[in-house]
Amino acid sequence: MSELLSRIGSPSDVRALPEEALPLLCQELREDIISICGRVGGHLGASLGAVELIVALHRVFHSPQDALLFDVGHQTYAHKLLTGRRDRMHTLRHAGGIAPFLDPRESPHDALLAGHSCTAVSAALGVLEGRRQHGHRGHVVAVLGDGGLTGGLTFEGLNNAGGSSLPLVVVLNDNQMSISANVGAIPALLRTREARDFFEGLGFTYLGPVDGHDLPALIRALREARASSRPVVVHALTLKGKGFPPAEADAQTRGHAMGPYEWRDGKLVRSRGGQRTFSEAFAAVLEDAMARDPRVVAVTPAMLEGSALNALKARFPDRVHDVGIAEQHAVTFSAGLALAGARPVCCIYSTFLQRAYDQIIHDVCLPGLPVVFAVDRAGLVGADGATHQGTYDVASLRPLPDLHLWSPMVGEDLAPMLDTALAAPHASVIRFPRGTLPPLPEGLSAGEVPLRGARWLLRAEQPRLTLVTLGPLGIAALEAARGEPGWSVLDARCASPLDEAALLEAGRSGHVVVAEEGTTRGGLGSAVLELFAAHGLMARVRLMGMPDAFVPHGDARVQRAEQGLDAAGLRRAGLALLAGGGR
């Protein structure tokens, strides 16, 4: 009944416990984590695997005087439970509730915002150097998931830290997995005697490998690291999903990110509808393209599972490349494939694509290489929150010359968009949201290949107002326009280049509402205003999109309605514009 855990209000309470009580604390933490994820979902496997490690860290180090920086927040539910947030953990990932990852605004024990991987070592070294300059004596620890060792930023940090002689403690939580199993040479090296040589060659004292579920061994190693006057790596071997048999038995992801679940007849049942998602639909059309054309290859930065590519990997093992948590490498590797005559499709989340912006410009667009970017999770992502919202891809990619940026409204759009992109001599982006596929509106066809510009979903004979949308918002716009005389709906379909003729026709209706699930600053709406200004068109325009703020975690459907990006909101915006409301 978590009797021991109920008495833990801060890390100091962990340090005050007798040594023999710590295994019970770990057991209760696991029970809480399993119960919480069963009710609200979450990153179950990584947090279960790190329970003993986090208890040992709080036993040895004194947070927040000692800064604990985690890479990433997937592994930190035990940390949240031990730092005063247990009574609110039932709100995890819900609007206004506990954040899905780590956030210093939520707790002083969260030293670093931790939603993306590979950041902990660099940030921790900066914190340590900054503290040293200000005379602060506290310790700094970077807790690195071993999946982070597939990313270049981690190596930049390790290189700098190893040469600094500063007493940075790097704890390597080695469970052999990021989301799926780790790839590349370094994860394999960690299971050999060369692991010591590797880290010592970088300038670190190496302690390990240590059984990451052996509390006394962990505590001894961490105390030795705390006493060191030079950089130290503590290498802890853990099992992702430890203590939850369904996760331990899941060799693919070990219960990485799960929705709510329950036990029925002795089996785990995950709550999930049977509808197909955009990710699954895109993977299916990509599989068809790969079957037709041996030049087509897929690249992903450690997102085989999230991008629904496991079946493709099984069918085309030599043409589906998981390059690890290495977005910059994924893009430039794709550029090299294109340079050699392949037709690469780089499958990547919107929030992760922004990590490789320079590579998109310098390595793909400048040399004019035909790389296709399948940008998943574009728009609101719901429970994963601010670090994962797909907010900025249109605004950041739209200015790039000779890059075509497509957005499907329905699943039937995906195949013609991919075929058009694969046949193009330039880079292309196909951005699609998280979530299930909407039905194809009656009377609408996907379009013939190659696709050319926008399409009219509804065209009034005497237009008074046009709703211009991008992506699935076209469905909401059709519902908003139903029964409104003189309302038209234009699915822009391609945010760059614009279908100027169709958009100028929309502008001549006199009133235009542009709706997109992304920032309005530099997005499709900005492009429409630029077009109208260039042609001296004086239409009244209202821009609808995500706010000029980082959108927190919550229910994406509720957030969409709050921003007016549902049918009711678009109807209100149109009526207000017709009534003389401002932009």
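This is a predicted model: local features need pLDDT of at least 70, side-chain atom pairs count only at pLDDT 80 or more; totals for chains, interfaces and linings use all residues.
## Basis of the model

Local features are taken where pLDDT is at least 70 and side-chain atom pairs only at pLDDT 80 or more, whereas totals for chains, interfaces and linings use all residues. Residues are numbered from 1 along each chain as its sequence is written, and side-chain values use heavy atoms, with hydrogens and water left out.

## Packing of α19 and α23

Helix α19 spans residues 473–481 and helix α23 spans residues 567–578, and the two pack at an angle of about 60° with their axes 8 Å apart. Helices here are DSSP runs (H or I, at least four residues) numbered from the N terminus, and axes are lines fitted to C-alpha atoms over the stretch in contact, with angles from 0 to 180 degrees between N-to-C directions.

In α19, L473, A476, A477, E479 and A480 meet A567, L570 and R571 of α23, contact being heavy atoms within 4.5 Å. By class, this contact holds six nonpolar, no polar and two charged residues, where Ala and Leu count as nonpolar and Glu and Arg as charged.

## Cysteines

Zero disulfides are found in a search of the whole structure, a disulfide being a pair of cysteine sulfur atoms within 2.5 Å. For C26, the nearest cysteine sulfur, that of C37, is 17 Å away, and C26 is buried at a relative accessible area of 2% (buried is under 20% with a 1.4 Å probe, protein chains only).

The sulfur of C346 lies 7.0 Å from its closest cysteine sulfur, in C347, which is too far for a bond; C346 is buried, with a relative accessible area of 0%.

How values were computed: Buried means under 20% relative accessible area, exposed over 50%, partly exposed in between (1.4 Å probe, protein chains only).
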